[in-house]
Amino acid sequence: MATLKGIAIIGWGSLIWDLESLAPQTKGDWEMGVGPELAMEFARVSPKRKLALAVCLEPMHGAPCRTNVIASTRTNIHDAVADLAVRERAPVERVGAICARSGHVSGSNREITGAVSDWCARTGWDGAVWTDLEPNFEEHLGDAFSVQRAITYLKGLRSESREEAVRYIELAPAATDTPLRRALGAEEWWLEDARRLGLRSG
């Protein structure tokens, strides 16, 4: 029987450039684009990000995107969950997890847990953890999410909030290619902000 690889941490947003408190519990570098393909969108208003829109798993409005993987130092899936919860400043219930060895499965969306489970089986990982924070756009703003509504929201942000919004989306891995991100690439005000912040050239 092949040796299992351990527990994977799956990331697609700020984890890639800022492991923060999670860094001591990881080993090696990020393997870009090798994780499971999951539907996501920048559909979460994030107080941590000065009310910028953070990317989250979003099967309804999102697009399938390749994810990225870094190895956890943990051998117990619950320890890996706790580590990621601390970094995300979220309850452990908002961290998804799969463990092939114990059969543990947790997550808010069966389609996503199924995709991660299939990926673990196919690639030889013993288990995986991922951020399972849900979209909250409508909850915060009173309107259903749409690309145009999200653009209007982002355009209305001011000073530090707007800078954080631009920085966060521009720094996300290229594979986190959602409908909103593609639409923003055609908005001149967005491109001007990105250039001013040194995130785009030209």
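This is a predicted model: local features need pLDDT of at least 70, side-chain atom pairs count only at pLDDT 80 or more; totals for chains, interfaces and linings use all residues.

Student: How many bridges join β3 to β4, and which way do the strands run?
Tutor: There are six bridges between β3 and β4, and the two strands run antiparallel.

Student: What lies between β3 and β4 in the hairpin?
Tutor: Five residues separate the two strands of that hairpin. In the turn, K50 has a positive phi of about 60°.

Student: In what order do the strands of this open sheet come?
Tutor: The order is β4-β3-β5, three strands in an open sheet with antiparallel pairing. The edge strands are β4, residues 52-57, and β5, residues 63-65, and each of them pairs on one side only. On average, neighbouring strands in this sheet are turned by 55° against each other, with direction ignored.

Student: And β5, over how many bridges does it pair with β3?
Tutor: Three bridges, in the antiparallel sense; β3 itself covers residues 38-46. At L38, the bridge partner in β5 is C65.

Student: Is β4 mostly covered or uncovered?
Tutor: β4 is mostly covered, with six of its six residues buried.

Student: Changing topic: what is the volume of the largest pocket?
Tutor: The largest pocket has a volume of about 400 Å³. Its lining consists of 22 residues, and those nearest the centre are S46, A54, E88, T131 and L133.

Student: Which element gives the most to that lining?
Tutor: β4 does, with four residues in the lining of the largest pocket. At least two residues each come from β1 (7-11), β3, β4 and α1 (77-88).

Student: How do the lining residues divide by type?
Tutor: The lining of the largest pocket has 11 nonpolar residues, five polar ones and six charged ones.

Student: Now β9. Why is it described as largely enclosed?
Tutor: Strand β9, residues 127-131, is largely enclosed by the rest of the structure because five of its five residues are buried.

Student: Which residues of β9 lie on each side?
Tutor: G127, V129 and T131 are on one side, while A128 and W130 are on the other; all of them are buried, and both faces of β9 are covered.

Student: What does β9 pair with, β1 for instance, and over how many bridges?
Tutor: β1 and β9 run parallel and are joined by four bridges. Within that pairing, I7 stands opposite G127 of β9. Strand β7, residues 95-99, is joined to β9 by five bridges and runs antiparallel to it. There, G96 stands opposite W130 of β9.

Student: Another topic: where is E170, and why does it count as buried?
Tutor: E170 is in helix α5, which spans residues 159-171. E170 counts as buried because its relative accessibility is 16%, and the cut-off is under 20%.

Student: What does the side chain of E170 contact?
Tutor: It makes a polar contact with the side chain of W190, at 2.8 Å.

Student: Last one: A82. Where is it placed?
Tutor: A82 is in helix α1. A82 has a relative accessible area of 32%, so this residue is partly exposed. The C-alpha atoms of A82 and S159 are separated by 34 Å, and the two residues are 77 residues apart along the chain.

Note on methods. Residues are numbered from 1 along each chain as its sequence is written. Side-chain values use heavy atoms; hydrogens and water are left out. Two strands pair if DSSP finds at least two bridges between them. Axes are lines fitted to C-alpha atoms, for helices over the stretch in contact, and angles run from 0 to 180 degrees between N-to-C directions. Buried means under 20% relative accessible area, exposed over 50%, partly exposed in between (1.4 Å probe, protein chains only). On a 1 Å grid over the protein atoms alone, a cavity is a set of points where a 1.4 Å probe fits but cannot get out, and a pocket is an open set with protein on both sides within 12 Å along at least five of seven lines; lining residues have an atom within 4 Å of a point. Grid points are joined across faces, edges and corners, and a volume is the space filled by probe spheres set on the points. Ala, Val, Leu, Ile, Met, Phe, Trp, Tyr, Cys and Pro count as nonpolar, Asp, Glu, Lys and Arg as charged, and the others, Gly among them, as polar. A polar contact is a pair of N or O atoms within 3.5 Å; within protein, one must be able to donate a hydrogen and the other to accept it, and residues adjacent in sequence count only if both atoms are side-chain atoms.
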